[in-house]
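Please examine the fold of this protein from its overall dimensions down to single residues. The account is meant to be read beside the sequence and the three-dimensional view.

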Amino acid sequence: MSKREGKILSLTGIDISQLNQEQLQEYFKSCLDSGIHGIGYSAYREGQEPGDQLDIQQIRERMVILKPHTQWIRSFSCCLGNEFVPVVAKEMGLKTLVGAWLGDNLEKNELEIEGLIKLAKQGYVDICAVGNEVLYRDDLSEEQLLEYIARVKAEVPNLPVGYVDAYYEFEDRPAVTEICDVVLANCYPFWEGCALPYATLYMQDMYRRVKRVANGKRVIISETGWPSAGGAHYGAEAGREGALNYFLRAMEWAEKEDIEMFYFSSFDEAWKTASEAGEGAVGAHWGLWDQEETFKYEGALD
């Protein structure tokens with residue numbers, strides 16, 4: 001992985017809660033100006049949700065906003081317009097981690113797998129992600145998942161193929177870790193109720209636990225983040241200051257240690273408050289930009 005241009009100002013020993021607005025903006029701006037490694041692409045606008053058809057123009061409008069601040073885009077599906085995400089990203093000179101969204105509907109899974117293979121063969125994919133947290137959700141058996149991964153690897157042997165799940169799944173599922181060319185680990189201290197002062201250290205430990213079982217393979221943090229609103233989850237409290245704090249410290253660590261990390265997420269998405277999404281009120285508040293595509297930390301980009 002090549003280093004990002006520029007350097008993030010050091011936060012070592014700094015209590016971000018004691019910084020004034022001007023200082024916070026200075027630190028945030030230095031991070032965004034240097035360019036974060038990657039970010040999850042949030043496709044759904046107000047009133048949209050998974051299952052709705054997306055058009056290429058709305059994909060392009062959001063990509064224009066993200067392009068100056070990242071090297072990589074991560075997409076989550078290859079159907080219903082989501083296949084335009086890597087196409088537009090490549091048009092804009094960005095690299096792509098492209099996911100096939102798998103679940104318990106085997107017919108839909110076929111469309112996703114076929115879509116991922118097609119995009120990969122057309123040159124729109126840099127890393128293939130076969131499924132996202134299907135083991136965590138218990139949507140598929142391990143054997144079914146391994147078959148999907150093996151199928152994609154056989155079809156696109158010249159591209160790295162991996163699977164995305166919570167970090168501990170790679171400790172518990174050695175066969176999954178073994179089949180992956182690249183290990184894609186989601187690391188969320190918030191969802192494990194970790195209080196903010198310890199959250200970055202906890203996230204680093206999650207990463208290192210995956211590294212220990214990866215047997216020298218490339219390990220990427222495919223998701224990490226902190227919600228800016230929506231309440232608390234045990235000791236973890238959502239909030240604007242906490243989200244800013246977590247982002248800055250995570251970015252500093254990734255810069256210092258040369259860690260490939262995809263931040264979650266780009267834009268708020270209201271559909272995630274629905275009960276079936278399982279995230280409650282915080283689900284809609286993971287973006288660096290809100291659902292109207294306004295940057296939440298206004299002033300940091302001036």
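This is a predicted model: local features need pLDDT of at least 70, side-chain atom pairs count only at pLDDT 80 or more; totals for chains, interfaces and linings use all residues.

Residues are numbered from 1 along each chain as its sequence is written, and side-chain values use heavy atoms, with hydrogens and water left out.

The protein contains 10 helices and 10 strands; these are DSSP runs numbered from the N terminus, helices being H or I of at least four residues and strands E of at least two. Its radius of gyration, taken over C-alpha atoms, is 18 Å, close to the 19 Å that the globule rule (2.2 Å times the number of residues to the power 0.38) gives for 302 residues, so the protein is as compact as a globular protein of that length. The C-alpha trace spans about 55 × 40 × 40 Å along its principal axes. Of the 302 residues, 54% are buried, where buried means under 20% relative accessible area, exposed over 50% and partly exposed in between, with a 1.4 Å probe and protein chains only.

Strand S2 (70-75) is largely enclosed by the rest of the structure, because 5 of its 6 residues are buried. Two strands are said to pair if DSSP finds at least two bridges between them. Strand S1 (residues 36-40) pairs with S2 in the parallel sense over 4 bridges, and Ile39 stands opposite Ile73 in S2. The chain passes from S1 through helix H2 (residues 56-66) to S2 in a right-handed β-α-β crossover; right-handed means that, with the strands pointing away from the viewer, the path from the first strand over the helix to the second runs clockwise. S2 also pairs in the parallel sense with strand S3 (residues 95-100), over 4 bridges. There, Thr96 of S3 is the bridge partner of Ile73. The crossover from S2 through H3 to S3 is right-handed.

Strand S7 (residues 218-224) is likewise largely enclosed by the rest of the structure, since 6 of its 7 residues are buried. S7 pairs in the parallel sense with strand S6 (residues 182-186) over 5 bridges, with Leu184 opposite Ile220. S6, helix H9 (residues 196-213) and S7 make a right-handed β-α-β unit. S7 is also joined by 2 bridges to strand S10 (residues 261-263), and these run parallel; Met261 in S10 is the bridge partner of Ile221.

The largest pocket has a volume of about 1,600 Å³. Among the 48 residues that line this pocket, the closest to its centre are Pro50, Trp101, Asn132, Arg137 and Trp271. Helix H4 gives the most to the lining, with 4 residues.

Some backbone details remain. Most residues other than glycine have a negative phi, and most peptide bonds are trans. The bond from Phe264 to Ser265, however, is cis, with omega near 15 degrees. Leu80, in the loop between S2 and helix H3 (84-91), has a positive phi near 55 degrees and counts as partly exposed at 38% relative accessibility. Asp138 has a positive phi near 60 degrees and is exposed, with a relative accessible area of 64%.

Methods: On a 1 Å grid over the protein atoms alone, a cavity is a set of points where a 1.4 Å probe fits but cannot get out, and a pocket is an open set with protein on both sides within 12 Å along at least five of seven lines; lining residues have an atom within 4 Å of a point. Grid points are joined across faces, edges and corners, and a volume is the space filled by probe spheres set on the points.
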